[in-house]
Amino acid sequence: MEEQPGLSERYVTASPWPLFVALGLVLTETGVFLGGAALPVGVGGVLLLEASIVGIMRESGYARTLWGTSFGVGSIAGTAGTALLVLTPYTARALTLAGGGLVAVLGAVALFLYESGYL
């Protein structure tokens with residue numbers, strides 16, 4: 001008889017990332033919906049969403065380094081935010097995406113310096 005019935009080595013532990021993806025989406029939309037002084041909450045939500053995407057990519061083995069994926073995700077968000085700012089009247093959403101993308105790209109530069117041994 002087994003000591004712990006139902007447990008096996010082949011079962012993988014659950015990933016925490018879906019919770020952070022959902023929280024990032026909620027914070028982003030809250031900051032955009034309320035606007036004004038709550039806009040930094042939206043930028044924080046975008047950053048949490050981006051960090052979750054980077055974590056998922058790293059955990060699943062699709063990314064070897066953190067900085068490359070961070071740079072890619074931040075560039076996509078920043079480009080989307082800039083395009084929204086130029087092409088549409090959705091200023092709060094555009095600033096939230098562009099700000100989150102800019103901070104993610106700056107974070108990618110810091111991660112590159114850290115992973116290269118300069119920091």
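Student: At what angle do helix H2 and helix H4 pack, and how far apart are their axes?
Tutor: In this predicted model, helix H2, which covers residues 39-60, packs against helix H4, residues 91-116, at an angle of about 45°, and the axes of the two helices lie 8 Å apart.

Student: What does that make H2 relative to H4?
Tutor: That angle makes H2 oblique to H4, because an angle counts as roughly parallel when under 35 degrees and as roughly perpendicular from 65 to 115.

Student: Is the crossing of H2 and H4 left-handed or right-handed?
Tutor: The crossing of these two helices, H2 and H4, is right-handed.

Student: Which residues make the contact?
Tutor: On the H2 side the contact is made by Leu39, Gly42, Val43, Val46, Leu47, Glu50 and Arg58, while H4 contributes residues including Ala92, Leu95, Gly99, Gly100, Gly101, Val103 and Glu115.

Student: And how do the residues of that contact divide into nonpolar, polar and charged?
Tutor: Where H2 meets H4, nine of the contact residues are nonpolar, five are polar and three are charged.

Student: Switching to the whole protein, how many helices and strands are there?
Tutor: The secondary structure consists of four helices and zero strands, and reading along the sequence gives the pattern α-α-α-α.

Student: What share of the residues is buried?
Tutor: Of the 119 residues in the protein, 24% are buried.

Student: What about the accessible surface, how much of that belongs to carbon and sulfur atoms?
Tutor: The protein has an accessible surface of about 8100 Å², and carbon and sulfur atoms account for 71% of that area.

Conventions:
Residues are numbered from 1 along each chain as its sequence is written. This is a predicted model: local features need pLDDT of at least 70, side-chain atom pairs count only at pLDDT 80 or more; totals for chains, interfaces and linings use all residues. Side-chain values use heavy atoms; hydrogens and water are left out. Axes are lines fitted to C-alpha atoms, for helices over the stretch in contact, and angles run from 0 to 180 degrees between N-to-C directions. Angles under 35 degrees count as roughly parallel, over 145 as roughly antiparallel, 65 to 115 as roughly perpendicular and the rest as oblique. A crossing is left-handed if the near helix is turned anticlockwise from the far one by less than a right angle, and right-handed if clockwise. Contact means heavy atoms within 4.5 Å. Ala, Val, Leu, Ile, Met, Phe, Trp, Tyr, Cys and Pro count as nonpolar, Asp, Glu, Lys and Arg as charged, and the others, Gly among them, as polar. Buried means under 20% relative accessible area, exposed over 50%, partly exposed in between (1.4 Å probe, protein chains only). Accessible areas come from the Shrake-Rupley method with a 1.4 Å probe; for residues, only the protein chains shown count as cover.
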